[in-house]
Amino acid sequence: SASLSSSLSSSSSSSSSSASSLLLQKGGVLGSSSFLEQAMDVKLGVGYNHDIEVFNGGRLPPDEAIDAKPNLVYIKVPKTGSTTMANIVRRLSVHHGIKNVADSDINTWVDEEPGAWWSHSEYSEMKSKIDALQHPYFSFSLLRDPVTRAISHFQFFVMYCKCKCDNGWEGCPTENDFPTTRDGIEDLLMRYLQRGTTNFRNSYQLLYTTTTGGEDVSFETAVNNDMIDLRFVGVLERFTESLVVLKEMLGLSLADVLYIPAKSAEYDWGDAAEISDGTLAKVKALFNGAEDYKYIDAASKKLDMLKADIPDYENKLNELEQHLSQAFDACSAHDIYTDEQQSCLDMYTAETLASNGGFMMDLDGVEKYAPLSEESRRKIFPAGAFSKSTGSFELD
């Protein structure tokens, strides 16, 4: 909007002051935000749903609600929309005074609790640190269709990074010998996917998120032996649905979970626009019966159960997607890794408060929202959520 554009051209300090004033006038309905220094008395997590079951069954203990300020632990399975989700964790952590560990990895950890941590590190590698936390923790992750995740993994780590981002691969061509035709790239894809053991390939996401990380663990064994210590498991292809559930579980405001998808790059199939049907069929055959399919199917079924516990769920989903679409148009020009994008989203929030009195789902409003068009939904989802063999991948 014109007012948004003019507001963004002013200094960040004046923007913060303006947003703070608006929120205080509205009674702090969005919860406490660090960019609102005067709103520290606002109770956090007032919308927390104590009746929603966590992934492994049972109810989330009351002391793990966001108003108790738990540690947030996000296990970033590669190529599952994890850069976009990590940025959401960063945003909600800042809003609620939770110390966040930016650009974290296996060598960094929460040094002041409550803290937020996210990394491309397997759960089993971090288990001792997680177990040693003094505050309660809320651990979660995202999964993705194994076939599209594997293709995206190849496109990023091999074709884009030339094997330099994945601790190398002994079968990787030299930089000057990379294939430039689809046939050559597809041959390289199949060789890459067939590296290691069958369990490594077919249980990649399961092994990434279990407490043991053992290659011989089936999904059934992991569930029966409590090896999946995650409060919530979302699904990339159902990203906004997952986000509504996560928001409700933690009692967050819609403003806490506004985001712009991470930057992405297009798949490289050489002299063709997409993978051939024949090679795609071969990739699917590699993952036939994979444990990861059992894992994602269980997560998807659980997501359906969680949705059923949320009053007026469909309208809340439509409202979130409508605001994400409008925020994308207003703020996507700003880099995801800069404060400018977050300031833009904060100003979008302030203007929504000024014009509408707040987000309807935070106010128990009755306004009904229509679903977004398919085209609009595509722009607000992380890269790869819609694509099967073409499309793009997140640059993380």
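## A lysine in a loop

With a relative accessibility of 25%, Lys162 counts as partly exposed; that label covers what falls between buried (under 20% relative accessible area) and exposed (over 50%), using a 1.4 Å probe and protein chains only. Its phi is near 55°, a positive value in a residue that isn't glycine. You'll find Lys162 in the loop between helix H5 (146-160) and helix H6 (182-193).

A word on the model: it is predicted, so local features need pLDDT of at least 70 and side-chain atom pairs count only at pLDDT 80 or more, while totals for chains, interfaces and linings use all residues. Numbering starts from 1 along each chain as its sequence is written, and side-chain values use heavy atoms, leaving out hydrogens and water. Helices (H or I, at least four residues) and strands (E, at least two) are DSSP runs, numbered from the N terminus.

Most residues other than glycine have a negative phi, and most peptide bonds are trans. Asp312 sits in the loop between H12 and H13 and is partly exposed, at 37% relative accessible area.

There's a cis peptide bond too, linking Glu113 to Pro114 with omega about -5°. Pro114 belongs to the loop between S2 and S3.

## The sheet and its helices

What order do the 5 strands of the open sheet take? They run S2-S3-S1-S4-S5, with parallel pairing. Strand S2 (99-100) and strand S5 (232-235) are at the edges with a single partner strand each, so one side of each has no neighbour in the sheet. Strands count as paired when DSSP finds at least two bridges between them; S4 (residues 137-143) and S5 have 4 bridges, in the parallel sense. Ser141 has Val233 in S5 as its bridge partner.

Helix H10 (residues 239-250) packs on this sheet, touching strand S1 (71-75), S4 and S5, and its direction makes about 155° with that of S5. Angles here run from 0 to 180 degrees between N-to-C directions, and axes are lines fitted to C-alpha atoms, for helices over the stretch in contact. Helix H12 (residues 291-308) lies across S4 and S5, at about 100° to S5.

## The nonpolar core

The largest nonpolar core has 44 residues, and Met85, Phe232 and Phe239 touch the most other members. Such a core is a set of buried Ala, Val, Leu, Ile, Met, Phe, Trp, Tyr and Cys residues joined through side-chain atoms within 4.5 Å. Elements giving two or more residues to this core include S1, helix H3 (82-95), strand S3 (115-119) and H10. H10 supplies the largest share, 7 residues.

Phe239 has contacts (heavy atoms within 4.5 Å) beyond its neighbours within four places in sequence; among them are Met85, Ile88, Leu142 and Phe381.

## Helix H6 and its partners

In H6, the buried residues include Ile185, Leu188 and Tyr192. The buried residues of H6 pack against H5, helix H7 (198-202) and helix H11 (277-286).
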